[in-house]
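This report looks at how the parts of one protein chain pack together. Have the sequence and the 3D view at hand while reading.

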Amino acid sequence: MLPATNHTLEKLEMLLKTAGYKVRYEKGNFKTGACLLLKSKMIVVNRFSNLESKILALVELLRELEVDYKLLDDKQIAFLQEIKQTKLQL
C-alpha cells in the first residue's frame, strides 16, 4: 500500500508526466477520482478530493494505461511495477 503523502502524489504526477500525460486539477461535476479525456493524454483530477482519493484515482488510472517503458528511468519503472502489482485497499 502506498502512503497517502504529498511525496507519493508528486511521484505519481512525475511518472505520468514522463510517460507523456498531463495532469490537471479542476473542479467539475464529478465527485471523486480522475478521468482520462478521450485518449488525449490529459488526466483531470477533482481538485476538491482529499489527498488519499487523488492518489487512489491516479494509481487506478496508471494500472489501466499502456505506458511506454522506454520513456521512464529505472526508478520510475520499479515504481510503476510496484503500483501494478499492489492490490488497492480502500
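## A salt bridge

Arg-24 is partly exposed, having a relative accessible area of 34%. The model described here is a predicted one. Glu-26 is also partly exposed, at 28%. Arg-24 and Glu-26 form a salt bridge, in which the closest N and O atoms are 2.7 Å apart. The count of salt bridges comes to one.

Why do Arg-24 and Glu-26 count as partly exposed? The class lies between under 20%, which is buried, and over 50%, which is exposed. Arg-24 has 34%, so it is partly exposed. Glu-26 has 28%, so it is partly exposed too.

## The nonpolar core

In soluble globular proteins, nonpolar side chains tend to be buried together. The largest nonpolar core in this model has 22 residues. Within this core, Leu-12, Leu-16, Ile-43, Leu-62 and Ile-83 touch the most other members. At least two core residues come from each of α1 (6-18), β3 (42-46), α2 (51-64) and α3 (74-85). The most is given by α2, which supplies five residues.

Which residues does Ile-83 contact, leaving aside its neighbours within four places in sequence? They are Leu-2, Leu-12, Leu-15, Val-59, Leu-62 and Arg-63.

## How α1 meets α3

Two packed helices are described by the angle between their axes and the distance between the axes. For α1 and α3, the angle is about 110 degrees and the axes are 11 Å apart. Angles of 65 to 115 degrees count as roughly perpendicular, and α1 and α3 are therefore roughly perpendicular to each other. The crossing of α1 past α3 is left-handed.

On the α1 side, the residues that meet α3 are Lys-11, Leu-12, Met-14, Leu-15 and Thr-18. On the α3 side they are Gln-76, Phe-79, Leu-80 and Ile-83.

## How α2 meets α3

The axes of α2 and α3 cross at roughly 95 degrees and come within 9 Å. That angle makes α2 roughly perpendicular to α3. Val-59, Leu-62 and Arg-63 of α2 make the contact with Leu-80, Ile-83, Lys-84 and Gln-85 of α3.

Leu-80 and Ile-83 of α3 meet α1, and Leu-80 and Ile-83 also take part in the contact with α2.

## A loop residue with positive phi

Where does Lys-41 lie? Lys-41 is in the loop between β2 (34-36) and β3. Lys-41 is not a glycine, although its phi is positive, at about 60 degrees. With 39% relative accessibility, Lys-41 counts as partly exposed.

Methods: Residues are numbered from 1 along each chain as its sequence is written. This is a predicted model: local features need pLDDT of at least 70, side-chain atom pairs count only at pLDDT 80 or more; totals for chains, interfaces and linings use all residues. Side-chain values use heavy atoms; hydrogens and water are left out. A nonpolar core is a set of buried Ala, Val, Leu, Ile, Met, Phe, Trp, Tyr and Cys residues joined through side-chain atoms within 4.5 Å. Buried means under 20% relative accessible area, exposed over 50%, partly exposed in between (1.4 Å probe, protein chains only). Helices (H or I, at least four residues) and strands (E, at least two) are DSSP runs, numbered from the N terminus. Contact means heavy atoms within 4.5 Å. A salt bridge is a side-chain nitrogen of Lys or Arg within 4 Å of a carboxyl oxygen of Asp or Glu. Axes are lines fitted to C-alpha atoms, for helices over the stretch in contact, and angles run from 0 to 180 degrees between N-to-C directions. Angles under 35 degrees count as roughly parallel, over 145 as roughly antiparallel, 65 to 115 as roughly perpendicular and the rest as oblique. A crossing is left-handed if the near helix is turned anticlockwise from the far one by less than a right angle, and right-handed if clockwise.
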